[in-house]
Amino acid sequence: MLDTLQFFSIALEAVIAVIFLMIAIRGRAFMFGLALTFAIYVGYDLARQFAWDVSPPFLIVGFFVATVSALYSAVKLYRRL
């Protein structure tokens with residue numbers, strides 16, 4: 001049951017990443033940051049789910065990049081309001 005829920009969550013993260021990517025391609029370049037953020041989340045969750053041998057420093061840097069890219073998108077979105 002929990003594995004199914006985890007896979008469903010990963011699939012939703014992937015869908016979100018694609019939606020943000022499509023928005024970015026349509027002229028809202030600041031949304032690339034959110035697309036990248038969710039793509040990194042998908043990679044992290046898949047690595048954890050399948051116990052891939054990913055070094056902890058790589059995961060830490062990945063999460064930092066995801067956080068910075070989300071912050072970039074949030075600031076750009078805020079400035080547009």
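1. Contact, as used in this note, means heavy atoms within 4.5 Å. Not counting residues up to four places away in sequence, Asp-45 touches Gln-6, Ile-10 and Glu-13.

2. A word on what you are looking at. This is a predicted model, in which local features need pLDDT of at least 70 and side-chain atom pairs count only at pLDDT 80 or more, while totals for chains, interfaces and linings use all residues. Residues are numbered from 1 along each chain as its sequence is written, and side-chain values use heavy atoms, with hydrogens and water left out.

3. Is Asp-45 buried or exposed? Asp-45 counts as buried, at 9% relative accessibility; buried means under 20% relative accessible area, exposed over 50%, and partly exposed in between (1.4 Å probe, protein chains only). Glu-13, a residue of helix 1, also counts as buried, at 14%. Leaving aside neighbours within four places in sequence, Glu-13 is in contact with Phe-38, Tyr-41, Val-42 and Asp-45.

4. Now step back to the helices. Two packed helices are described by the angle between their axes and the distance between the axes. Here axes are lines fitted to C-alpha atoms, for helices over the stretch in contact, and angles run from 0 to 180 degrees between N-to-C directions. The axes of helix 1 and helix 2 cross at roughly 160° and come within 8 Å. Helix 1 is therefore roughly antiparallel to helix 2 (angles under 35 degrees count as roughly parallel, over 145 as roughly antiparallel, 65 to 115 as roughly perpendicular and the rest as oblique). Among the residues making this contact are Ile-10 and Glu-13 of helix 1, and Val-42 and Asp-45 of helix 2. By class, the contact has 17 nonpolar, two polar and four charged residues; Ala, Val, Leu, Ile, Met, Phe, Trp, Tyr, Cys and Pro count as nonpolar, Asp, Glu, Lys and Arg as charged, and the others, Gly among them, as polar.

5. How do helix 2 and helix 3 pack? Helix 2 (residues 32-49) and helix 3 (residues 56-80) have axes 7 Å apart, at an angle of about 155°. That makes helix 2 roughly antiparallel to helix 3. The residues that meet include Gly-33, Ile-40 and Tyr-41 in helix 2 and Gly-62, Phe-63 and Ala-66 in helix 3. By class, this contact has 10 nonpolar, five polar and no charged residues.

6. Finally, the rings. The whole structure holds six aromatic pairs; rings of Phe, Tyr and Trp (its six-membered ring) pair if their centres lie within 6.5 Å, and planes under 30 degrees apart count as stacked, over 60 as edge-to-face and the rest as tilted. Phe-7 and Phe-50 have ring centres 5.7 Å apart and planes at 40°, so the pair is tilted. Phe-7 lies in helix 1 (residues 2-25) and Phe-50 in the loop between helix 2 and helix 3, so the pair ties together parts that are 43 residues apart in sequence. Phe-7 is partly exposed at 39%, and Phe-50 is partly exposed at 44%. Tyr-41 and Phe-63 form a tilted pair, 5.8 Å centre to centre with 35° between the planes. Ring pairs link Phe-20, Phe-38, Tyr-41, Tyr-44 and Phe-63 into a cluster.

Terms used:
Helices (H or I, at least four residues) and strands (E, at least two) are DSSP runs, numbered from the N terminus.
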